[in-house]
Amino acid sequence: MVFTGSRPAPTHVIAHLSDMHLIAGPGLLQGHIDTVAKFRGALEKVEGSGERFDAIVLSGDLTDSAQPEAYALLRQMVEPVAERLGAALIMTGGNHDERRPLARELYGRDTDEPQDTVTVVNGLRIIDIDSAVPGFHHGGFSDDQYDWLARQLASPAEHGTILVTHHAPITYRSPVMQLLDFDDVERLRSALEGTDVRAILSGHLHVTSFGMLGAIPVFVAGGVSYVDDVGAPRDLLMGVDGPQSWNLIEVHDDSVVGTVAPVEQHPTWPSLSEAVVEFMATVPEEERRTVFSTKR
Ligand SMILES: [Fe+2]
Ligand SMILES: [Fe+2]
């Protein structure tokens, strides 16, 4: 038996995963990581959470070297999950992706144009823009992409907008990664000012990170494949096989909340017994806080 919380449920729930760096065929990422196993594990955790997801967002570096087979494999892995969950699937490119194979394999289009999309899920608008600059590892939008974005944002959506883009428009500690970050953050900040954008979901940093772009919160999902070691000196980039994670994004009427969810299955135990949960369900709602919160 379950009882409902004392706060309203979120209007929308998003599973935000990033930096799968999927490799098709043999070979480990950087000689260490089985990217297919990591992505499979992450999807199992998403599905196993029992949440009612409105959308699954994959925020770039979908593949490690843009192999067509890796995009096909990605679809094969994630589409059945999205279907079972009844969730919209939103995928954007990163600097390790390439526009043409991505467009061909994911959208059936033979083009070098960025695959920027708008998805409205129960009144929440999710806009994804490919921030990968062709030929480079740093990020940014073209003039055309800024124009397109302005047209999309010209009228507000019922529940506002979530923007998805690979390169996080916040500053990370690594001087090397700063050479590869979102170019012209100031332009993006003013492009979003006064619009209904409520949060930005990004990746690229391979760490879970949070910041602000003006008044808009930025949620960075740590890598599904590998993680950057924040415990190492800042001028080094040290890959870690753990703690890979994804972000549970809960959209409420008055806020957006991000929660980090580990991919690896650590030892677990019931820190609250089922009997207590069952008992609480029998307590009248107005007495629950006093009954449950009182120190014994
Ligand atoms: Fe990446
Ligand atoms: Fe990246």
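This is a predicted model: local features need pLDDT of at least 70, side-chain atom pairs count only at pLDDT 80 or more; totals for chains, interfaces and linings use all residues.
Two strands pair if DSSP finds at least two bridges between them. Strand β5, residues 124-128, and strand β6, residues 161-167, pair in the parallel sense, over four bridges. Within that pairing, Asp 128 stands opposite Val 164 in β6.

Which strands does it hold, and in what order? There are six, running β4-β5-β6-β7-β9-β8, in an open sheet with mixed pairing. At the edges sit β4 (117-121) and β8 (209-213), each of which pairs on one side only. From one strand to the next, the twist averages 25°. And there is a helix to look for here: α6, residues 185-192, lies across β7 (197-203), β8 and β9 (216-220), and runs at about 65° to β8.

Let me zoom out further. The protein chain has eight helices and 13 strands in total. Its C-alpha trace spans about 60 × 45 × 40 Å along the principal axes. How does the radius of gyration fit with a compact globule? For 296 residues, such a globule would come out near 19 Å, and the protein chain has 20 Å, so the two agree. Of those 296 residues, 40% are buried. Also, if you take contacts between residues at least 6 apart in sequence, 69% of them join residues at least 24 apart.

Next, a pair of helices. Helix α1 covers residues 35-48 and helix α2 covers residues 68-85; their axes come within 11 Å and cross at roughly 5°. Angles under 35 degrees count as roughly parallel, so α1 is roughly parallel to α2. Who makes the contact? From α1 we have Val 36, Phe 39, Arg 40, Leu 43, Val 46 and Glu 47, and from α2 Leu 73, Met 77, Val 78, Val 81, Arg 84 and Leu 85. By class, that contact has nine nonpolar residues, three charged ones and no polar ones. If you wonder about the spacing, an α-helix has 3.6 residues a turn, so residues three or four places apart point the same way.

One last stop: helix α3, residues 99-107. Its buried residues are Leu 102, Ala 103, Glu 105 and Leu 106. After α3 comes Gly 108, which has a positive phi, near 65°.

Conventions:
Residues are numbered from 1 along each chain as its sequence is written. Chains are lettered from A and ligands numbered from 1 in the order in which they are written. Helices (H or I, at least four residues) and strands (E, at least two) are DSSP runs, numbered from the N terminus. The radius of gyration is taken over C-alpha atoms; the globule rule is 2.2 Å times the number of residues to the power 0.38. A residue is buried if 20 or more other C-beta atoms lie within 10 Å of its own, exposed if 12 or fewer, and partly exposed in between; C-beta atoms are placed from the backbone. Two residues are in contact if their C-beta atoms, placed from the backbone, lie within 7 Å. Axes are lines fitted to C-alpha atoms, for helices over the stretch in contact, and angles run from 0 to 180 degrees between N-to-C directions. Angles under 35 degrees count as roughly parallel, over 145 as roughly antiparallel, 65 to 115 as roughly perpendicular and the rest as oblique. Ala, Val, Leu, Ile, Met, Phe, Trp, Tyr, Cys and Pro count as nonpolar, Asp, Glu, Lys and Arg as charged, and the others, Gly among them, as polar.
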